Amino acid sequence: MKPSSNEEEYFLKHEAELAKKRQAELLENESAKLKSQYYMKCPKDGAPLETIKVGEVSVDRCTSCAGLWLDAGELEAIEAQDGGFLRRLFKPHR
Ligand SMILES: [Zn+2]
């Protein structure tokens with residue numbers, strides 16, 4: 001028996017939805033894999049980052065090159081406790 005065009009349409013649509021779902025799952029897996037490879041690793045040399053305290057603020061420091069990585073708001077938090085030293089260092093008066 002030849003399937004009706006409605007049935008064919010249904011199966012094509014169903015297959016397209018499955019393919020879309022599989023694609024989304026693959027992307028999600030890839031994203032999780034990348035995150036596990038790069039999370040808390042130094043972007044310069046790939047060494048692990050450790051969390052240290054700068055005053056009261058927790059920042060991430062590379063265990064190899066000692067580079068510091070600040071999340072959003074951390075620079076401002078450090079500035080707030082150092083009496084404006086960093087602000088003067090990075091934004092000198094003209
Ligand atoms: Zn490093």
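The model is predicted, with local features requiring pLDDT of at least 70 and side-chain atom pairs counting only at pLDDT 80 or more, while totals for chains, interfaces and linings use all residues. Residues are numbered from 1 along each chain as its sequence is written, and side-chain values use heavy atoms, leaving out hydrogens and water.

Helices (DSSP runs of H or I, at least four residues) and strands (E, at least two) are numbered from the N terminus. The protein chain holds 3 helices and 3 strands, which follow one another along the sequence as α-β-β-β-α-α. The chain is more spread out than a compact globule, because its radius of gyration, 25 Å, is well over the 12 Å given for 94 residues by the globule rule; the radius is taken over C-alpha atoms, and the rule is 2.2 Å times the number of residues to the power 0.38. The C-alpha trace spans about 80 × 30 × 25 Å along its principal axes. Of the 94 residues, 15% are buried, that is, under 20% relative accessible area with a 1.4 Å probe, protein chains only.

The 3 strands form an open, antiparallel sheet in the order S1-S2-S3, where two strands pair if DSSP finds at least two bridges between them. The edge strands, S1 and S3, each pair on one side only.

| Strand | Residues |
|---|---|
| strand S1 | residues 49–54 |
| strand S2 | residues 57–62 |
| strand S3 | residues 68–69 |

S1 and S2 run antiparallel and are joined by 6 bridges; Glu50 has Arg61 in S2 as its bridge partner.

Definitions and conventions. Buried < 20%, exposed > 50% of the residue type's maximum accessible area, 1.4 Å probe, protein only.
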